[in-house]
Amino acid sequence: MTTTPQAARRASPRTRRPATPAAPDPAAGLLPQTDPVRLLNPDGTLLPARADYPEPPVETLREMYRRMVVGRRFDAQATALTKQGRLAVYPSSRGQEACQVGGVLALRDDDWVFPTYRESMALTARGIDPVEVLTLLRGDWHCGYDPAQRRTAPQCTPLATQCVHAAGLAYGESYQGRDTVALVYIGDGATSEGDFHEGVNFAAVFKAPVVYFVQNNRYAISVPLSRQTAAPSLAHKGVGYGVPSEQVDGNDPMAVLAVLNRAVAYARAGKGPFLVEAHTYRMEPHTNADDQTRYRDAEEVEAWRDRDPLVRLETYLRGRDVLDDAAVAEIAEQAETYAAQLRERMNTQPTVDPLSLFDHVYAEPTAQLVEQREQVRAELAAAAEGDA
């Protein structure tokens, strides 16, 4: 009996076709790790080393500790100045010292910082005169330092607007062939603003070298994080824009610096922006005008005291024998001297010329601005004659 080819094919086992390769995961390389990166336990003991986030040099960590101590003392002094009427308002960053100082140490001197109103500690850690930093909060000037000279934008009071500014500057630097990186400090509340999304999207599309550093301190004034987002983490917000992201224990100074070092290196290499979310906590009220007891209880605040970033780093450095009682006392004395000098200088009331209100509005004053200035000049002269 003759078998037809068709029958033979039906009789033989069906040949399996090779499986279709799976489509690449568009989120590969973008998603943050499930748990925040941590290199130090809360008690200051070292966790197992990891290849993705190597430990920063111990001398760098010692300098980080010094700046954190001085920064905390500055923060306490600035808070006291508000109670004395020397400052109109002060937003404390106590508890966030690892983030404040870590962001600065991850940058070169010629990189740019784009701060919020809460980054006074970061700016002093960068070497900016503390009196110049506090002029915004005293009401003398919107910015007391030269942004171009200090490579630091004015402290930003509107939420998230600096996200767009940083993207534009970073893109401009890259366009001119420079490897400058811009680091943007933002809070968790700022991630709900349109400027945040516009800035991240622009930076991603044009591969602007920006590091968006979100300090998630759990509250946007009185609004808890649970009312801000339903995302698994704020770091996940980068995925939708094609931006790699990471989350880190913001009270682990070593981990903060290690993660930011990697993020800055990524941006500097021309790969585009990077988003980092630091899980931390604001120990003080939002500002001296805030009643924190209306939205969080004392037990919650107390629980976070056990995660103090300063204590964690000090314990580790003592264990490495690069910090002892004498060194701790010397750094504490430096911090006290810093605070005393600030206190003395802030006791002198600045002399403010009302006509300076019209300075720096435009490079060349408009006719309307000139007219307004002359009106004020005439009013001041009339008032002076009346007093005489």
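# Briefing: burial, cores and salt bridges in a predicted model

In helix H3, the buried residues are Glu-97, Ala-98, Cys-99, Gln-100, Val-101, Gly-102, Gly-103 and Val-104. These eight belong to a helix of nine residues, spanning 97–105, which is therefore described as mostly covered. The structure is a predicted model. The chain has 388 residues, of which 45% are buried, and it contains 14 helices and seven strands.

**Overall dimensions and contacts**

- Taken along the principal axes, the box filled by the C-alpha atoms is roughly 130 × 60 × 45 Å.
- The chain has an accessible surface of about 19,800 Å², and carbon and sulfur atoms account for 52% of this area.
- Among contacts in the chain with a separation of 6 or more, 75% are between residues 24 or more positions apart.

**Nonpolar cores**

- The largest nonpolar core comprises 53 residues, and Tyr-65 and Phe-213 have the most contacts inside it.
- Helix H10 (residues 253–268) gives the most to this core, supplying 10 residues.
- When residues up to four places away in sequence are not counted, Tyr-65 touches Leu-310, Leu-313, Glu-314, Leu-317, Leu-323, Val-328 and Ile-331.

- Strand E6 (residues 245–249) is largely enclosed by the rest of the structure, because five of its five residues are buried.
- Burial applies to both faces of E6: Ser-245, Gln-247 and Asp-249 lie on one side, and Glu-246 and Val-248 lie on the other.
- E6 runs parallel to strand E7 (residues 274–279), and five bridges join the two strands.
- Within this pairing, Gln-247 has Glu-277 of E7 as its bridge partner.

- The whole structure contains 21 salt bridges.
- One of these salt bridges joins the side chains of Asp-249 and Arg-312, at 3.0 Å from N to O.
- This pair links distant parts of the chain, as Asp-249 is in strand E6 and Arg-312 is in helix H12 (residues 309–319), 63 residues apart.
- Asp-249 has a relative accessible area of 8% and is therefore buried; Arg-312, at 1%, also counts as buried.
- The pair belongs to a network of salt bridges that links Arg-38, Asp-249 and Arg-312.

- Side chains of opposite charge can pair when their charged atoms come close.
- In helix H2 (residues 58–83), Arg-66 and Glu-63 lie three residues apart, about one turn of the helix.
- The side chains of Arg-66 and Glu-63 form a salt bridge at 2.8 Å, N to O.
- Glu-63 also meets Arg-67 in a salt bridge, with an N to O distance of 2.8 Å.
- Glu-63 and Arg-67 are four residues apart in H2, so about one helical turn separates them.
- Each of the residues in these two pairs counts as partly exposed: Arg-66 at 27% relative accessibility, Glu-63 at 26% and Arg-67 at 24%.

- Ala-160 has a phi near 75°, a positive value in a residue other than glycine.
- Ala-160 is in the loop between helix H7 (147–150) and helix H8 (161–175), where its relative accessible area of 1% makes it buried.
- Arg-218, likewise not a glycine, has a positive phi of about 85°.
- Arg-218 is located in the loop between strand E3 (210–216) and strand E4 (219–220).
- With a relative accessibility of 24%, Arg-218 counts as partly exposed.

- Asp-195 is in helix H9 and counts as partly exposed at 24% relative accessibility.
- Although Asp-195 and Ala-160 are 35 residues apart in sequence, their C-alpha atoms are 5.5 Å apart.
- With neighbours within four places in sequence left aside, Asp-195 contacts Leu-159, Ala-160, Thr-161, Cys-163 and Val-164.
- Val-205 is also in helix H9, which covers residues 194–205, and is exposed with a relative accessible area of 55%.
- Together with Phe-202 and Phe-206, Val-205 makes a nonpolar surface patch of about 270 Å².

Technical notes. Residues numbered from 1 in each chain as written. Predicted model: local features only at pLDDT ≥ 70, side-chain atom pairs only at ≥ 80, totals over all residues. Heavy atoms only, no water. Buried < 20%, exposed > 50% of the residue type's maximum accessible area, 1.4 Å probe, protein only. Patch = residues over 30% accessible without salt bridge, like charges linked within 9 Å, V, L, I, M, F, W, Y side chains within 5 Å. Areas by Shrake-Rupley, 256 points an atom, 1.4 Å probe, with all protein chains shown as cover. Salt bridge = Lys/Arg side-chain N within 4 Å of Asp/Glu carboxyl O. Core = buried A, V, L, I, M, F, W, Y, C linked by side-chain atoms within 4.5 Å. Contact = heavy atoms within 4.5 Å. Pairing = 2+ DSSP bridges.
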